[in-house]
Amino acid sequence: DFPPEDRGYHNYDEMVAELDATVKDHPDIAAKSSIGKSFQGRDIPVLKISDNVGRDEAEPEILFDCNQHAREHLTTEMCLHIAKRLTDNYADPAIKAVVDNREIWVIPVVNPDGSVYDVESGKYRGWRKNRQGPGTDLNRNWGYKWGCCGGSDDNPNGETYRGSAAWSAPETAAMRDFIDSRVVGGAQQIKAAVDFHTYSELVLWPFGHTTDHVTEGMTQQEHDRFARVGGEMAKSNGYTPQQSSELYVTDGDILDWMWGRHKILAFTFEMYPASGSGVDGFYPPDEVIEKETARNDGAVDILLREAGA
Ligand code: 0X9
Ligand code: CA
Ligand code: CA
Ligand code: CA
Ligand code: ZN
C-alpha cells in the first residue's frame with residue numbers, strides 16, 4: 001500500500017470504494033460500470049455523471065481519464081476530485097447546469113495492475129507500464145499510426161514499449177471499445193477529453209507523432225482551436241500550453257487516436273510539479289492533493305463548456 005505518510009492517496013480498492021460511495025450518495029446523477037478488465041483481471045471502472053443518469057440522453061459527452069501510467073497517482077486523485085466536485089455540489093446552480101446538460105465519464109484508473117504493483121510492497125517502485133509480461137506502455141499502444149515515427153520503443157524491456165501490436169494491451173483495447181461504443185447514430189458523442197498525467201505542468205494537444213501543426217487529419221483551423229482552448233485552460237491553471245510533439249515525439253498515444261480516429265477535442269494534462277522544481281515528480285506528498293487537483297477546476301469547466309460548442 002501507500003507509505004503511511006501518503007495515506008491520503010487512494011489505492012485501487014479505495015478508489016472503487018470512493019466511486020461506490022459517490023453513487024450511494026447521489027444515485028440520481030451518478031452511476032458506476034466497468035469498461036472491461038485489466039491484464040490481471042481487475043475491472044476498469046467508469047463513473048457516469050449526468051441528470052437522468054440511467055438514460056443515454058442527447059447531451060454532449062466528455063471523458064476524463066487518469067492513471068494510464070502506474071506511478072502517476074496524483075492523476076487518480078484528479079479524477080476522484082472531478083467526480084466529487086460535480087456530485088457533492090449539485091445544489092450549486094452552476095454545477096447543476098453542467099451536470100444537467102452534459103454526460104460526463106470519469107475513469108480514475110486506466111492501469112489498475114500497474115498502479116497496484118507500484119505501491120503494493122509499501123515502497124514506491126517507480127513503475128510506468130502495465131503488467132503484461134515485462135510491461136507495455138499503454139500510452140504507446142493506441143492504434144493511430146502506432147509505432148510510426150520513432151516515438152516509442154520496440155524493446156519489451158523499454159520504458160516506452162509499444163506492445164507487440166496496436167491494442168495488444170487489454171487496458172487500451174477496453175478504452176478503445178468504450179470510446180467506440182459512444183458512436184451513436186454515426187456520431188461520436190464524446191466531444192472533448194482530458195487524459196491526466198504527471199508531471200511538468202503542461203497542457204498538451206495532438207498530434208504527438210509529428211511536429212507539424214498542420215498535417216493529415218489536422219487543418220489549420222482545427223489546430224487553432226486546440227491552441228485557443230488549450231491556451232485558455234493553461235491561463236486558468238498556470239500550466240504551459242503546447243502541441244504534445246513539442247515536448248517530444250510520441251506514436252501510439254491516446255491523443256493521436258482520440259483526435260485522429262474520432263475528432264475528440266482531446267488534451268493531455270501533465271500535472272504538478274513543474275519540471276525542475278525539486279519536488280519528487282511522481283510522488284509528491286499527499287498534502288498537495290487538494291490544492292493541485294482543485295487547481296484544474298477552471299480548466300475542467302472550460303472544457304465542459306467547449307464540449308457543447
Ligand atoms: O510520454 C508520455 O506518455 C506522456 N508524458 S509522461 O511523463 N506522463 O509519461 C506525454 C504524452 C504526450 N504526448 C507527447 N509528448 N507527444
Ligand atoms: Ca503526508
Ligand atoms: Ca442527462
Ligand atoms: Ca448521450
Ligand atoms: Zn504519464
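**Exercise 1. Which residues in H8 are buried?**

Solution. The model is predicted: local features need pLDDT of at least 70, side-chain atom pairs count only at pLDDT 80 or more, and totals for chains, interfaces and linings use all residues. Residues are numbered from 1 along each chain as its sequence is written, while chains are lettered from A and ligands numbered from 1 in the order in which they are written.

Step 1. Helices (H or I, at least four residues) and strands (E, at least two) are DSSP runs, numbered from the N terminus. A residue is buried if 20 or more other C-beta atoms lie within 10 Å of its own, exposed if 12 or fewer, and partly exposed in between, with C-beta atoms placed from the backbone.

Step 2. Apply them to H8. The buried residues there are Ile254, Leu255, Asp256, Trp257, Met258, Trp259 and Gly260.

Step 3. Draw the conclusion. Helix H8 (residues 254-262) has nine residues, seven of them buried, so it is largely enclosed by the rest of the structure.

Step 4. Find the partners. E7, E8, H7 and E10 are the elements against which the buried residues of H8 pack. After H8 comes lysine 263, with a positive phi near 55°.

**Exercise 2. Describe the surroundings of asparagine 141.**

Solution. Step 1. Locate the residue. Asparagine 141 lies in the loop between helix H4 (112-119) and helix H5 (170-181).

Step 1. Classify it. Asparagine 141 counts as buried because 32 other C-beta atoms lie within 10 Å.

Step 2. List its contacts. Two residues are in contact if their C-beta atoms, placed from the backbone, lie within 7 Å. Leaving aside neighbours within four places in sequence, asparagine 141 is in contact with Thr136, Arg162, Gly163, Ala166, Trp167, Ser168, Ala169, Thr172 and Gly252.

Step 3. Compare sequence and space. Asparagine 141 and isoleucine 254 are 113 residues apart along the chain, and their C-alpha atoms are separated by 8.3 Å.

**Exercise 3. How do H1 and H2 pack?**

Solution. Step 1. Read the geometry. Axes are lines fitted to C-alpha atoms, for helices over the stretch in contact, and angles run from 0 to 180 degrees between N-to-C directions. Helix H1 (residues 12-25) packs with H2 at an angle of about 10°, and their axes are 11 Å apart.

Step 1. Name the arrangement. Angles under 35 degrees count as roughly parallel, over 145 as roughly antiparallel, 65 to 115 as roughly perpendicular and the rest as oblique. H1 is therefore roughly parallel to H2.

Step 2. Identify the residues. From H1, Met15, Glu18 and Thr22 meet Thr76, Leu80, Ala83, Lys84 and Thr87 in H2.

Step 3. Sort them by class. Ala, Val, Leu, Ile, Met, Phe, Trp, Tyr, Cys and Pro count as nonpolar, Asp, Glu, Lys and Arg as charged, and the others, Gly among them, as polar. The contact of H1 with H2 has three nonpolar, three polar and two charged residues.

**Exercise 4. Which residues of the largest nonpolar core touch the most other members?**

Solution. Step 1. Define the core. A nonpolar core is a set of buried Ala, Val, Leu, Ile, Met, Phe, Trp, Tyr and Cys residues joined through C-beta atoms within 7 Å.

Step 1. Name the residues. In the largest core, which has 76 residues, Ile49, Ile62, Cys79, Val106, Ile107, Ala193 and Leu303 touch the most other members. Helix H2 (residues 73-88) gives the largest share of this core, seven residues.

Step 2. Follow one member. Apart from neighbours within four places in sequence, alanine 193 is in contact with Ile62, Leu63, Met258, Ile264 and Ala266.

Step 3. Turn to H10. In helix H10 (residues 297-306), Ala299, Val300, Ile302, Leu303 and Leu304 are buried. The buried residues of H10 pack against strand E3 (61-66), H2, helix H3 (93-101), strand E7 (190-200) and helix H6 (220-237).

**Exercise 5. Describe the shell around ligand 1.**

Solution. Step 1. Take the residues. A residue is near a molecule if its C-beta atom, placed from the backbone, lies within 6 Å of it. Ligand 1 is surrounded by 14 residues, the closest being Asn139, His197, Gly208, Ser244 and Thr250.

Step 1. Assign elements. Helix H7 (244-247) and strand E10 (265-274) each supply at least two residues of the shell, and H7 gives the largest share, three residues.

Step 2. Sort by class. The shell has three nonpolar, eight polar and three charged residues.
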